[in-house]
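User: Hi! I have a chain on my screen and would like to talk it through with you. Could you start with the overall picture?

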Amino acid sequence: MNTSEKSAKFFSFLSSKQNLYSIYVLLLFLITYLLNQLDRYMLAIVTKPLAQEIHYGDQGCMTNTSAASPSPQVACQKLTNQSSCTQFIYNETIFGGCKWDYTGQGFDYQILAGPIFILIYTFAAIPVGIAADLYNRKFFTYMQVLLGISLIFWSVCTLLSGFVTSYWQLALLRFGLGLGEAGCTPFATSLIADYFGQELRGLAMGVYNWGIYTGYSLSYALGNFITDANINNQGWRWSFIIAGIPGIVIGFIILLTVKEPKRGQKNLPSTTKIESSIGNATSTKEKFKQMFKLMRPSLLLLCIASSIRNAAGYVWAYNTQVYFDGLGQTPTQIGTWMSWIPVVGGSIGVVFGGFISDRVVKRTGPHGRIWVLALSQIMSSPFAAGVLFLDPPYCYFSLLPNYIIGEMWVGVALAVLVELVPADVRTTAVAAYFFIISNIGGNMPLLVPSVKRAFINAGYGEVDSLRNTLYLFFPGEYILGAVLFLVSLVVLHRDIEYIKQQQEEKVPAKEDTHSQMPSNYGSASTLATDDQ
């Protein structure tokens with residue numbers, strides 16, 4: 001389909017009142033996903049003042065902002081013990097400009113950022129995702145109700161985080177946040193697939209996924225500016241409260257205004273309807289058996305490589321604020337840059353990556369996507385290293401191309417995955433893929449305190465120790481992930497042929513009981529050229 005035909009279809013879509021309602025629903029889901037990311041990363045932005053009030057994590061030397069003449073943050077963080085910190089005299093004239101307090105880092109913080117949230121989030125998402133794929137209308141008649149309830153639940157957990165007085169209360173609410181957010185994407189994407197036909201479904205999913213970078217950027221704006229405003233002398237508390245309120249409102253709007261569409265009947269071609277009927281007729285147990293049977297080396301390498309690259313993102317996301325704070329940046333300065341760089345760079349990167357990989361696949365086949373994955377990470381790694389090597393504001397300048405190039409991997413890796421699995425187990429495979437990369441990547445920050453401590457014991461200061469640790473886990477994992485992506489090329493061709501053979505053997509049996517289907521239906525070769 002050429003550009004003019006796509007434009008005509010789009011404007012024709014807008015002419016219908018029902019389709020305008022679909023756009024309204026999509027915007028609600030975009031806001032829902034934005035709030036999902038905002039609430040998730042708020043902890044990373046306010047962890048330092050939060051830790052200083054409820055007491056968790058490591059302690060270190062920092063600027064005493066309440067002093068008449070505070071010492072620079074960079075000078076204070078070079079002091080590695082309490083006595084040298086409290087007795088430090090800056091420029092031989094200023095005394096009391098440093099203080100020994102909680103840094104918001106350490107194992108306690110990484111537990112909150114990683115296992116407490118990630119484990120429940122991923123383990124709950126697996127059955128929810130399968131249910132969204134295989135549900136029977138008798139049991140899931142009101143999927144939009146479940147989405148609205150999930151949003152309200154995690155938003156209440158976010159709001160209540162502004163009232164915690166102890167670490168265990170924060171941990172419990174973080175657990176609830178993960179449980180609630182587990183229902184977001186499975187329910188929302190299933191509803192989007194029902195509201196939008198095949199011609200516009202990819203665009204609708206792309207709009208929905210803008211919520212990732214928009215919400216992440218908004219967490220820096222809200223978390224830094226609201227905390228710095230110190231409303232009622234309760235700075236960080238209001239960051240959680242303000243972040244939680246919109247989700248409760250939007251949740252009730254979804255409950256009251258979003259209607260349940262007819263599942264799988266929106267502008268679907270005949271082969272898609274066949275796929276839907278086959279998928280619903282296949283039991284969860286049978287789908288898992290088939291998926292594990294087709295778990296070939298290339299898929300395993302793809303999951304491992306994606307997990308390593310995902311780990312780099314998690315480590316950086318949960319240590320960005322504390323790293324820039326260590327460089328002496330104020331919350332306002334951090335918020336000014338980080339409130340727009342991720343959303344601009346990340347959004348461009350995801351779209352650009354899909355465009356480039358689609359063009360490459362036309363010429364080279366599915367192998368081209370692997371080359372895009374590997375080369376994008378190799379090209380991005382110098383910019384990631386530049387973020388750590390350069391001083392402000394130049395480190396922020398390096399962060400923008402890092403997002404544009406480095407975030408190309410997200411959609412491209414997912415495209416490779418769906419091209420390597422049969423159509424009738426695709427949703428289950430995607431759920432398993434995210435389960436693997438989220439658990440490995442999301443728990444990688446647990447290694448940061450130990451590695452950082454090793455650098456401190458070797459004589460490095462607080463800032464340099466964190467910087468060296470991030471060199472290993474940020475650009476270092478970009479490179480490692482790229483190498484593993486390239487290794488998968490060795491077995492990719494053989495696995496594609498194997499999957500095609502499995503599908504070709506399976507299709508004749510389906511034809512007798514369902515309807516006529518093309519002989520290469522669901523194979524990697526046809527998926528690689530969809531919508532071209």
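Analyst: Happy to! The chain exposes about 22400 Å², and carbon and sulfur atoms supply 64% of that area. Accessible areas come from the Shrake-Rupley method with a 1.4 Å probe, and for residues only the protein chains shown count as cover. This is a predicted model, where local features need pLDDT of at least 70 and side-chain atom pairs count only at pLDDT 80 or more, while totals for chains, interfaces and linings use all residues. Residues are numbered from 1 along each chain as its sequence is written, and side-chain values use heavy atoms, with hydrogens and water left out.

User: Good to know. How many helices and strands does the chain have?

Analyst: The secondary structure comes to 25 helices and four strands. Those are DSSP runs numbered from the N terminus: helices are H or I with at least four residues, strands are E with at least two.

User: And what percentage of the residues is buried?

Analyst: Buried residues make up 55% of the 532 in the chain. Buried means under 20% relative accessible area, exposed means over 50%, and partly exposed is in between (1.4 Å probe, protein chains only).

User: What about contacts between residues at least 6 apart in sequence: what share join residues at least 24 apart?

Analyst: That share is 82%. Contact here means heavy atoms within 4.5 Å.

User: Let's switch to cysteines. How many disulfides does a search of the whole structure find?

Analyst: The search finds two, a disulfide being a pair of cysteine sulfur atoms within 2.5 Å. One joins Cys61 to Cys85, with an S to S distance of 2.2 Å. This pair links distant parts of the chain, 24 residues apart: Cys61 sits in strand E1 (residues 59–63) and Cys85 in helix H4 (residues 82–86). Both Cys61 and Cys85 are buried.

User: And the other one?

Analyst: That disulfide joins Cys76 to Cys98, S to S 2.0 Å. Here too the pair links distant parts of the chain, with Cys76 in helix H3 (residues 73–76) and Cys98 in strand E4 (residues 98–102), 22 residues apart. Cys76 is buried at a relative accessible area of 0%, and Cys98 is buried at 6%.

User: Why is the disulfide of Cys61 and Cys85 right-handed?

Analyst: Because the torsion about the S-S bond of Cys61 and Cys85 is about 80 degrees. For Cys76 and Cys98 the torsion is about -80 degrees, so that disulfide is left-handed.

User: If I number the bonded cysteines in sequence order, what is the pairing?

Analyst: The pairing is 1-3, 2-4.

User: While we're on cysteines, is Cys157 buried or exposed?

Analyst: Cys157 is buried, with a relative accessible area of 7%. Cys303 counts as buried as well, at 6%.

User: Now helix packing. At what angle do H16 and H19 pack?

Analyst: Helix H16 (residues 331–338) and helix H19 (residues 394–406) pack at about 35 degrees, with axes 11 Å apart. The axes are lines fitted to C-alpha atoms, for helices over the stretch in contact, and angles run from 0 to 180 degrees between N-to-C directions.

User: Which residues make the contact?

Analyst: H16 contributes Gln333, Ile334, Trp337 and Met338, and H19 contributes Tyr396, Phe397, Leu399 and Tyr403.

User: Last one: where does Leu420 lie?

Analyst: Leu420 lies in the loop between helix H20 (409–419) and helix H21 (426–443), and counts as buried at 2% relative accessibility. Leu420 and Leu492 are 72 residues apart in sequence and 8.9 Å apart in space, C-alpha to C-alpha.
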